[in-house]
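Let's work through some aromatic contacts together. Have a look at the model below, then try each exercise before reading its solution.

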Amino acid sequence: MSFYPNERLALFIDGANLYSAAKSLGADIDFKKLIDEFRKKGVLVRAYYYTAIVEGDDYSPIKPLVDWLDYNGFTMVTKAAKRFTDHEGRTRTKGNMDVEIAVDMMELADRLDHAVLFSGDGDFAPLVKAVQKKGVRVSVISTLRSQPPQAADDLRRAADTFIDLNDLLPVFGRDRPARDDD
């Protein structure tokens, strides 16, 4: 990774996308180690974590993580997930955070030297290009080492640097415990 000690940087973590990429690699993320690592790399202006939350459930498995992140240096951006029934009668949950990520990155761009986007979603390629036009370097963190790959080709091409999440797991990953619900 090419980071400079005095550069102002921000993390933009697409929670669902990072979870999916880590899961595909058989790992979990240690968020304390993650934020500590980026604090060493430059002046960390902000670490955003974006996730949708299913409301109305007595227990949400994401709630303990959201609370921990909120108390430990991350700026939490959440919204209610939408539940709907698809054309085959299956109940689905949708909670896309793309607009929130794009708005925050554009608003903060004038105060950054480097944006780090944790997502492989190709929809972010135009955002990356727009932020680069403001003079901000953009690194994208996702993975190609899963089946299927989690990082869209157009997003990797747009980024100044693509970093495979698998290469960072020795720094802030941990083995994923076996679960029945996976």
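Rings of Phe, Tyr and Trp (its six-membered ring) pair if their centres lie within 6.5 Å; planes under 30 degrees apart count as stacked, over 60 as edge-to-face and the rest as tilted. This is a predicted model, in which local features need pLDDT of at least 70, side-chain atom pairs count only at pLDDT 80 or more, and totals for chains, interfaces and linings use all residues. Residues are numbered from 1 along each chain as its sequence is written, and side-chain values use heavy atoms, with hydrogens and water left out.

**Exercise 1.** Find how many aromatic pairs the rule gives.

Solution. The count is seven aromatic pairs. One of them is formed by Phe-12 and Tyr-48: the ring centres are 5.3 Å apart and the planes lie at 20 degrees, so this pair is stacked.

**Exercise 2.** Work out which strands hold Phe-12 and Tyr-48.

Solution. Strand β1 (residues 8–14) contains Phe-12 and strand β3 (residues 43–53) contains Tyr-48, so the pair ties together parts 36 residues apart in sequence. Strands here are DSSP runs (E, at least two residues), numbered from the N terminus.

Key:
Helices (H or I, at least four residues) and strands (E, at least two) are DSSP runs, numbered from the N terminus.
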